[in-house]
Amino acid sequence: MVTSDASVQVALDIIGVFVFALSGGLVALRARLDLFGVLVLAWVTGLGGGIIRDLLLGATPPVGISDWRLVLSGLLAGLLVFTFHGRLRAVARRRPRRVGLVSRLVKILDAGGLALFAVSGSLKAIQLDSPWLAAVIVGGVTAIGGGMIRDVLARQVPEVLQRELYAVPAFAGAALVVGLDRLGWLNPVTTWLCVALIFMTRMVAVALDLNVPRSRAAEPP
Amino acid sequence: MVTSDASVQVALDIIGVFVFALSGGLVALRARLDLFGVLVLAWVTGLGGGIIRDLLLGATPPVGISDWRLVLSGLLAGLLVFTFHGRLRAVARRRPRRVGLVSRLVKILDAGGLALFAVSGSLKAIQLDSPWLAAVIVGGVTAIGGGMIRDVLARQVPEVLQRELYAVPAFAGAALVVGLDRLGWLNPVTTWLCVALIFMTRMVAVALDLNVPRSRAAEPP
Amino acid sequence: MVTSDASVQVALDIIGVFVFALSGGLVALRARLDLFGVLVLAWVTGLGGGIIRDLLLGATPPVGISDWRLVLSGLLAGLLVFTFHGRLRAVARRRPRRVGLVSRLVKILDAGGLALFAVSGSLKAIQLDSPWLAAVIVGGVTAIGGGMIRDVLARQVPEVLQRELYAVPAFAGAALVVGLDRLGWLNPVTTWLCVALIFMTRMVAVALDLNVPRSRAAEPP
């Protein structure tokens, strides 16, 4: 991301990977995968979006396989889920109220990851002189790609295609970044405003339980 | 595609994307996805084959994410399916004969998309100086790739692997294009003959309900 | 692979593709795919790992679609499975002991493919000046990627994520290759030692039925 402080950017990327990887590890456990499966699903959920982004932009090898800080962050999240999941569930049974707290925290962190990845994805595309539409799509795909691979590998229809206003803020935010760049208004301040806007839109969607409309014609399976 | 008239080529590409995207939207509705899911599945079905083609050829960013006419065509098809599906089903219940007409029209258009994509995929590979085998495979994959991604995301075993003489005309046609190019016989006329040949082979397969042989050893699931 | 004898290397690559493609064909039959489905699944299982490797490294078009010897090897394996599977099952019913022999042979060949692909994958990454971590991951992914695509297309949770010490020797071996390269100790002899080491580790895992640990917290599905 274009910021005056590159180390802040790296730190945020690492956090984004970590949060997404947590969700990958949890899905892996639910699908009864072994330790290796948990690590792979954590890694692919945290870094898959960025890997697709880099493949689409021809920026090989993708940072998702070459930057050890990002890879380590993803694997660490997987390891934590694998190690402490049993204990968390024991706590959950005794103190159900804490579950709500944790799951709300995860949703907040996840919204943060979504916002960061959508903005950083479209920025990388802009820096590589992609056409504007490619930059928008790459931004959105960076944000939702990891979760989609996670669900396909765990043999689920991707959650993002089914539920909640999740992808829309990501694509809209990426479009906003590209628009600001076209107008020459993209700078660290407006960039962070985009991140904040995506984050808050997503949080509002969570709070109000907003969903993308579903066709009434959709047949029962 | 190499034609004297580039605008005809673009128009045909847009139609191909649109037709494939319709099938993606229908599968998405059947899988009970929301509006966003329908749009994504339409987009990925219409443009996925071309995106895989461009990734395999190193032509990044793929036109499937950068050419707004193609993207718009795919999204529009998804939106139409989402909006009018309910009404179509109501008509279908009252006048069953019309269903046959529509479904036959869809199969014809789909065969057209298959033919166009197989030929344009192998032509793009040839223009980028790919080895002959890569050009054949890229042609076939351009034609069937979008539908395969659609089925994987909707958690189905890809239809093309299971049923009907669908992929064979695509790969055979792509091989024909590459062979003609090797012989120096590739020009707009022979190119369009290849498109016509794939189209008609596929239509014959539909009309006669031809299938690729299945092993008798295949066990019941 | 860096060896004094390039033709030996090619022969081994072809064998690796063939063995992996056999497993793809068998999975395809079990999923009741038609002949085309069997060929595609055989091809993608044998060559998919190398295709992902080449996409990650930006080496397009991937050899998995341009080298006719590799493609032929994969398709031939699929054709053999399709043709002789029924006969093999008839034999299996009459002489159950032979089944054990064949399945053991397949596991030995598969371990060989795993070892060859992990080493050749990381070597290709090294030759293209990838960062060390990318070279390790590319090596592992080359070895397990084909099988993962196979399982996703056949609508199964990838076997490698669920069972047995399979991926670990591949990634560890790739890391060993990269480490030796860093130390300047990589030569044909040490390269082959790495292949042998991965092969034997995997065989020990098969013989002792070793598995990656599974979380006790993993819930029943």
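These notebook entries record what I looked up in a predicted model.

**Conventions.** I number residues from 1 along each chain as its sequence is written, and I letter chains from A and number ligands from 1 in the order in which they are written. Local features need pLDDT of at least 70, side-chain atom pairs count only at pLDDT 80 or more, and totals for chains, interfaces and linings use all residues, while side-chain values use heavy atoms, with hydrogens and water left out.

**Entry 1: relation of the chains.** I superposed copies by least squares on the C-alpha atoms of residues with pLDDT of at least 70 in both. I noted that the copies use different surfaces, since 9% of the contact residues of chain C recur in chain A; contact here means heavy atoms within 4.5 Å. I then looked up chain B, which can be laid on chain C by a turn of 120 degrees and a shift of 0.0 Å along the axis, with an RMSD of 0.0 Å. Here too the copies use different surfaces, with 9% of the contact residues of chain B recurring in chain C.

**Entry 2: interface of chains C and A.** I found 35 residues of chain C in contact with 29 residues of chain A. The two chains bury about 2,600 Å² between them, 71% of it on carbon and sulfur atoms; buried area is the accessible area (1.4 Å probe) that two parts lose on being put together, summed over both. I looked for polar contacts (N or O atoms within 3.5 Å; within protein, one able to donate a hydrogen and the other to accept it, and residues adjacent in sequence counting only if both atoms are side-chain atoms). The rule finds one such residue pair across the interface, both at pLDDT 80 or more.

On the side of chain C that touches chain A, the elements giving two or more residues are helices H2 (35-57), H6 (132-153) and H7 (167-182) of chain C. H6(C) gives the most, with eight residues. Helices are DSSP runs (H or I, at least four residues), numbered from the N terminus.

**Entry 3: Asp54(A).** I located Asp54(A) in helix H2 (residues 35-57) of chain A. Asp54(A) counts as buried because its relative accessibility is 0%, the cut-off being under 20% relative accessible area (1.4 Å probe, protein chains only). A polar atom of the Asp54(A) side chain lies 3.0 Å from the backbone nitrogen of Val63(A). Leaving aside neighbours within four places in sequence, I list Ala59(A), Pro62(A), Val63(A) and Lys124(A) as in contact with Asp54(A).

Key
Buried means under 20% relative accessible area, exposed over 50%, partly exposed in between (1.4 Å probe, protein chains only).
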